[in-house]
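Hi everyone, thanks for coming along. Please have a look at the sequence and the structure on the screen, and then we'll walk through them together.

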Amino acid sequence: MKPTLLIIEGDGLLTRAHYGAGADIVTKSGMEVGSVNKFIQVLQREINRWNADYLYIAFDPMGPTTWRHKAYTEYKAGRPPKPPSLVYSKTLLMKILPLLGATIEMNPEFEADDLVGSMAYKCSEEGRECVLEANDKDL
C-alpha cells in the first residue's frame with residue numbers, strides 16, 4: 001500500500017472548530033482557545049480515518065495580500081474581521097502543528113484553497129495516494 005498524504009485546508013477546519021468548540025478552554029488573559037483543542041481532535045480523527053502517513057496543512061495569509069486582493073480590491077471587503085480569539089488560535093496552531101509532524105504552508109500570494117488544490121494535483125500527477133479535506137465551496 002502506498003503512503004497516504006492527508007491534505008487539509010486549515011482555515012476551514014479552524015473556523016468550524018472555533019464556532020463549534022465554545023469557550024471551554026481559556027488562557028489566563030481570557031483568550032478562548034478551545035478551537036485549538038477541537039482542531040487537533042478532528043485532525044487526529046482524520047489521520048486515523050485515512051491511515052495517513054504524511055500531513056500537509058495550508059492556511060490563508062493573515063491579511064489581504066493574495067493575487068485575488070490585488071486583482072480586485074473589493075475581494076472579501078464586506079466580511080467582518082475575524083475574532084481575536086480565532087486569530088490567536090491560528091497563531092498557536094502554526095507553532096504546534098509542525099511539532100506534530102505536519103508540513104504547514106502559508107503563502108502571502110495565495111489562499112489556502114489554492115495551495116491545497118495545487119498540492120492535490122501534484123500528488124495525483126506523481127501517482128501518490130492523497131486525501132483532500134476542505135469545506136471551501138470554490139475549491
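Here's something to start with: which strands does helix H2 lie across? Helix H2, residues 34–50, lies across E1, E2 and E4, and runs at about 150° to E1. Contact here means heavy atoms within 4.5 Å. The angle is taken between axes, which are lines fitted to C-alpha atoms, for helices over the stretch in contact, and angles run from 0 to 180 degrees between N-to-C directions. As for the names, helices (H or I, at least four residues) and strands (E, at least two) are DSSP runs, numbered from the N terminus.

Before we go on, a word on the model: it is predicted, local features need pLDDT of at least 70, side-chain atom pairs count only at pLDDT 80 or more, and totals for chains, interfaces and linings use all residues. Residues are numbered from 1 along each chain as its sequence is written, and side-chain values use heavy atoms, with hydrogens and water left out.

Now to the sheet. In what order do the strands of the open sheet come? The order of the four strands is E3-E2-E1-E4, with parallel pairing. Strand E3 (103–105) and strand E4 (129–133) are the edges, each pairing on one side only. On average, neighbouring strands of this sheet are turned by 15° against each other, ignoring direction. To count as paired, two strands need at least two bridges found by DSSP.

Let's follow the pairs. Strand E1 (residues 4–9) pairs with strand E2 (residues 54–58) over five bridges, in the parallel sense. Leu5 has Tyr54 of E2 as its bridge partner, and Ile8 has Ile57 of E2. Ile57 also has a bridge partner in E3, namely Ile104, and E2 and E3 run parallel, joined by three bridges. E1 and E4 run parallel too, with five bridges joining them, and here Thr4 stands opposite Glu129 in E4.

Why can we call E1 largely enclosed by the rest of the structure? Because six of the six residues of E1 are buried. Buried means under 20% relative accessible area, exposed means over 50%, and partly exposed is in between (1.4 Å probe, protein chains only). Thr4, Leu6 and Ile8 are buried on one side of E1, and Leu5, Ile7 and Glu9 on the other. E2 is mostly covered, with four of its five residues buried.

Finally, come over to helix H4, residues 84–99, where we find Val87. Val87 is partly exposed, because its relative accessible area is 34%. Ile96 lies in helix H4 and is partly exposed as well, with a relative accessible area of 27%. Leaving out residues up to four places away in sequence, Ile96 touches Val36 and Ile40. The C-alpha atoms of Ile96 and Leu5 are separated by 19 Å, and these residues are 91 residues apart along the chain.
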